Amino acid sequence: VHKSSIYLPRELKSELTALAARTGRSEADLIRTAIERLIVAEPAPAPSGPVIVHHPRPALVGVGVGPGDPGLVTARARAVLLAADRVVVMSTDPRSVGRAEMVVRAVAATAHVQRVPFAIAADDAGRHRSLADLADAVMAPTDAGELVAVAVIGDPAQWTIFPELAAEVAAARPSLPITAEPGITSYQAAAAAAATTLGRAGAAVVVVDDAAGLAEHLAGDDDAVVLYKSSTDGATVKAIAHRHHRAAVVAELSGLPGQRLTGLDEVDDGPISYLATVVFPPAVVR
Ligand SMILES: C[S@@+](CC[C@H](N)C(=O)[O-])C[C@H]1O[C@@H](n2cnc3c(N)ncnc32)[C@H](O)[C@@H]1O
């Protein structure tokens, strides 16, 4: 009798004996290894294969597709674009392919894309009309049972129409599931490209979209400040930065043809393009 295998059924005992003979390890050693594997938790296997995201039908999902580089679209966002019955993209001109649509085409070529005009530059009344039209364009297919994705650049929760659209649709269709898939923002992509700091302990990351907000927030030396929609000119941004002794990087057309990453001081005095993000890392080095 092998003391080490006394509790094993006969068949398992003979397999253990054969394994010991094949490997040159003692039966006691093999039993200890087997018990260790049971008791010491194995690390969970790394996820492999396609990402599957379950959204009910009908539903509305806002999908962030990042700043432009298809490589910055998350696996979840891509899975939703492919699973949706329709991917709505907004466009100032219904005849032109907008940026969100370009990214959707690059990562989900089979998606059924529907372009919906949106008057971004309109006054409040015009904007609200556009929002109501967009809500109608979303609710017609969800009423018919579809999973509708609305693709937006960056993240759906930041400087997009999606939260307003979600509120409008929720008011009209209270039982419709509405959710969003997050996206990478241009300031995350810019900070990564420049290998610089955004957030850190005890400090804030502030995102503003005009020069007045920039001047207000640059005073907090410890905080990172991001300027979006830099429709202001380079000279104004540089003057504010110099006043506060702050350096910045400017990412223009991130992930798109002609992209450029430069120091703020190298930027022309003239208008900074709309598709630029200025990142001021925290000034205080601890
Ligand atoms: C309407 S906001 C969209 C923000 C987007 N939802 C996000 O989460 O980043 C547009 C602003 O985002 C920034 N932006 C978006 N895409 C960019 C890109 N590819 N390169 C540089 N800046 C970009 C610019 O500051 C632009 O004026």
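This is a short tour of the structure, stop by stop, with something to select at each one.

Before you start, note that this is a predicted model, in which local features need pLDDT of at least 70, side-chain atom pairs count only at pLDDT 80 or more, and totals for chains, interfaces and linings use all residues. Residues are numbered from 1 along each chain as its sequence is written, and side-chain values use heavy atoms, with hydrogens and water left out.

**Stop 1: the ligand**

Select the ligand and the residues around it. How many residues surround the ligand? There are 20, and the closest are Q158, Y228, Y274, A276 and T277; a residue counts as near if one of its heavy atoms lies within 4 Å. This shell divides into 10 nonpolar, 7 polar and 3 charged residues. Here Ala, Val, Leu, Ile, Met, Phe, Trp, Tyr, Cys and Pro are nonpolar, Asp, Glu, Lys and Arg are charged, and the others, Gly among them, are polar.

Now look for polar contacts, which are pairs of N or O atoms within 3.5 Å. Click on Q158: one of its polar backbone atoms is 2.6 Å from a nitrogen atom of the ligand. Move to D155, where a backbone N or O atom lies 2.8 Å from a ligand oxygen. At K229, a backbone N or O atom is 2.9 Å from an oxygen atom of the ligand. On its own the ligand has 570 Å² of accessible area, and the protein covers 96% of it (Shrake-Rupley method, 1.4 Å probe).

**Stop 2**

Most residues other than glycine have a negative phi, and most peptide bonds are trans. Select W159, where phi is near 50°, a positive value in a residue other than glycine. You will find W159 in the loop between β4 (147-152) and α6. Helices (H or I, at least four residues) and strands (E, at least two) are DSSP runs, numbered from the N terminus.

Is W159 buried, exposed or partly exposed? W159 counts as partly exposed because its relative accessibility is 37%; buried means under 20%, exposed over 50%, and partly exposed in between (1.4 Å probe, protein chains only).

Next, pick L253, in the loop between β8 (249-252) and β9 (260-263). L253 also has a positive phi, of about 55°, although it is not a glycine. With a relative accessible area of 27%, L253 is partly exposed.

Then zoom in on R57 and P58, which are joined by a cis peptide bond with omega about 0°. P58 is in the loop between α2 (27-39) and β1 (59-64).

**Stop 3**

G64 counts as buried because its relative accessibility is 1%.

A239 is partly exposed, at 39% relative accessibility. Draw a line from A239 to V225: these residues are 14 apart along the chain, and their C-alpha atoms are separated by 15 Å.

Select P94 in the loop between β2 (86-91) and α4 (99-107). P94 has a relative accessible area of 43%, so P94 is partly exposed.

Finish at R173, in the loop between α6 (162-172) and β5 (178-181). R173 is partly exposed at 30% relative accessibility. How far apart in space are R173 and I31? From C-alpha to C-alpha the distance is 61 Å, with 142 residues separating R173 and I31 in sequence.

Key: Polar contact = N/O pair within 3.5 Å; in protein donor to acceptor, adjacent residues only side chain to side chain.
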